[in-house]
Amino acid sequence: MRVTVLSGGVGGVLDAWLVDDADASAVPALRSDGWTVAAAPTLMTDVPATAAIAARALALVDRLP
């Protein structure tokens, strides 16, 4: 997988990247470019899985309700 960072994570559209576990190898490159990033299961197989993805994404950017 090739990772291209467009805005460097500074004041852009994205605050963080939540990548699928299958792309976990991209995490170090994204972090070295200054991104907040984590890998997690991202397949929305059911409501609990979808809620877990949303919670992980919100936690990643410190915006949990």
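This passage walks through a predicted model of a protein, from its overall layout to a few of its residues. Residues are numbered from 1 along each chain as its sequence is written, and side-chain values use heavy atoms, with hydrogens and water left out. As the model is a prediction, local features need pLDDT of at least 70 and side-chain atom pairs count only at pLDDT 80 or more, whereas totals for chains, interfaces and linings use all residues.

The secondary structure comes to two helices and two strands, where helices (H or I, at least four residues) and strands (E, at least two) are DSSP runs, numbered from the N terminus. Along the sequence these elements follow the pattern β-α-β-α. Of the 65 residues, 17% count as buried; buried means under 20% relative accessible area, exposed over 50%, and partly exposed in between (1.4 Å probe, protein chains only). Among the contacts (heavy atoms within 4.5 Å) with a separation of 6 or more, 29% join residues 24 or more positions apart.

The largest nonpolar core has six residues: Val19, Ala26, Val27, Leu30, Trp35 and Val37. A nonpolar core is a set of buried Ala, Val, Leu, Ile, Met, Phe, Trp, Tyr and Cys residues joined through side-chain atoms within 4.5 Å. Not counting residues up to four places away in sequence, valine 19 touches Val27, Leu30, Ala38, Ala39, Ala40 and Thr42. Alanine 39 belongs to strand S2 and is partly exposed, at 28% relative accessibility. Its contacts beyond four places in sequence are Leu18, Val19, Asp20, Asp21, Ala24 and Val27. The C-alpha atoms of alanine 39 and alanine 24 are separated by 5.3 Å, although the two residues are 15 apart along the chain.

The structure holds one aromatic pair. Tryptophan 17 and tryptophan 35 form this edge-to-face pair, with 5.8 Å centre to centre and 75 degrees between the planes. Rings of Phe, Tyr and Trp (its six-membered ring) pair if their centres lie within 6.5 Å; planes under 30 degrees apart count as stacked, over 60 as edge-to-face and the rest as tilted. Because tryptophan 17 lies in strand S1 and tryptophan 35 in the loop between helix H1 (27–32) and strand S2 (36–40), the pair ties together parts that are 18 residues apart in sequence. Tryptophan 35 is buried at 6% relative accessibility, while tryptophan 17 is partly exposed at 31%.

Valine 13 lies in the segment before strand S1 (16–20) and is exposed, at 82%. Leucine 14 is in the segment before S1 and is partly exposed, at 36%.

Leucine 14 and valine 61 are 9.8 Å apart, C-alpha to C-alpha, and 47 residues apart in sequence. Valine 61 follows helix H2 (47–60) and contacts Asp15 and Ala16, leaving aside neighbours within four places in sequence.
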